[in-house]
Amino acid sequence: KATVSVLNWEMRRVGVLATHVCRSDPRHGLTARRSAMSSDGVGLGDIAQQESAQQAGGAEPSTERTWRERIDVSIAKSRKIRGGNYVQIATVDPVKMEPRNRTVVFRGFAPLALPGGAGAPPCAGESCVMRMITDNRSGKVAEAGAAPAGKQNAEMVWWFAKSSEQYRVRGRLVFVGGGAHPYDGDEALARARREQWGNLSDMAREQFFWRPPGEPYEPQHVPPAGGRGEDGRVLPPPDAFLLMLLFPTAVDYLRLTDNFRQRDCVVDGAWQHARVNA
């Protein structure tokens, strides 16, 4: 795999986004022409053809757009689909060097930056910071935190079934809350955490008062109903509740209806994009 330094060198050498930016072998992903979905021989290419016919020409033209512009359209198309905002986040167990993956809820883009202006630069004039939540006691926190400072430590996969699009978003996970994370002292991030806690449903808040996840089973103790006190007001967020932010640095976009693929990557502090082979 190419390192960031190699990517930057290639960018300066050819003046366009190198085709190996954030490379992954398409034979192992959602490549429409080569993957088989089941033993009956129906592959992703067949699915793409069926969906193209169903959409009757509704596929988006392969015009010049950044990933951020594209994903806004994808989200809008899937807004009414239950589970359409579920995404997968992959990390690496630093001890066993094994991948770990799980599903979380995407809760919108956040106009946030890390102290000193670090993080993901805007794309097409919009924030790229992707907001989620997690439990401070979950494995992903330790796994992502084991990566060297400033390096990519996670990849998100977001599949849009309605439009047959996949986004693979690589970047750095940052956690806010609990008092032990590097940016807990930043007031803007702490305020965003408090606001997110207040916006949760009562049922979602209760889960952060449960027993530690992944431990041997014990019957749950009774949590504060709805995460609220006896007066009905929402309690302050417990240390277990974390705001989880993904600061993207590379995005691989694939649309199966016409096998269009594009890579976007941050180079010298700005987003650049180019079409690549599917």
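**Reading the nonpolar cores**

Visitor: Which residues is Met-132 in contact with, leaving aside its neighbours within four places in sequence?

Guide: Taking contact as heavy atoms within 4.5 Å, Met-132 meets Val-87, Ile-89, Val-104, Val-105, Phe-106, Met-156, Leu-173, Leu-242, Leu-243, Met-244 and Leu-246. This is a predicted model, where local features need pLDDT of at least 70 and side-chain atom pairs pLDDT 80 or more, while totals for chains, interfaces and linings use all residues. Residues are numbered from 1 along each chain as its sequence is written, and side-chain values use heavy atoms, leaving out hydrogens and water.

Visitor: Which residues touch the most other members of the largest nonpolar core?

Guide: In soluble globular proteins, nonpolar side chains tend to be buried together. Here, Trp-67, Met-130, Met-132, Met-156, Trp-158 and Leu-173 touch the most other members, out of 42 residues in that core (buried Ala, Val, Leu, Ile, Met, Phe, Trp, Tyr and Cys joined through side-chain atoms within 4.5 Å).

Visitor: Which strand gives the most to this core?

Guide: Strand β6, residues 241-255, does, with eight residues (strands are DSSP E runs of at least two residues, helices H or I runs of at least four, numbered from the N terminus). A second, separate core has seven residues, among them Trp-197, Ala-204, Phe-209 and Phe-241.

Visitor: Is Ser-138 buried or exposed?

Guide: Ser-138 has a relative accessible area of 16%, so it is buried (under 20%; exposed is over 50%, partly exposed in between, with a 1.4 Å probe and protein chains only). Ser-138 sits in the loop between β3 and α4 (139-145).

Visitor: What joins the side chains of Ser-138 and Thr-134?

Guide: A polar contact of 3.3 Å links the two (N or O atoms within 3.5 Å, one able to donate a hydrogen and the other to accept it; residues adjacent in sequence count only if both atoms are side-chain atoms).
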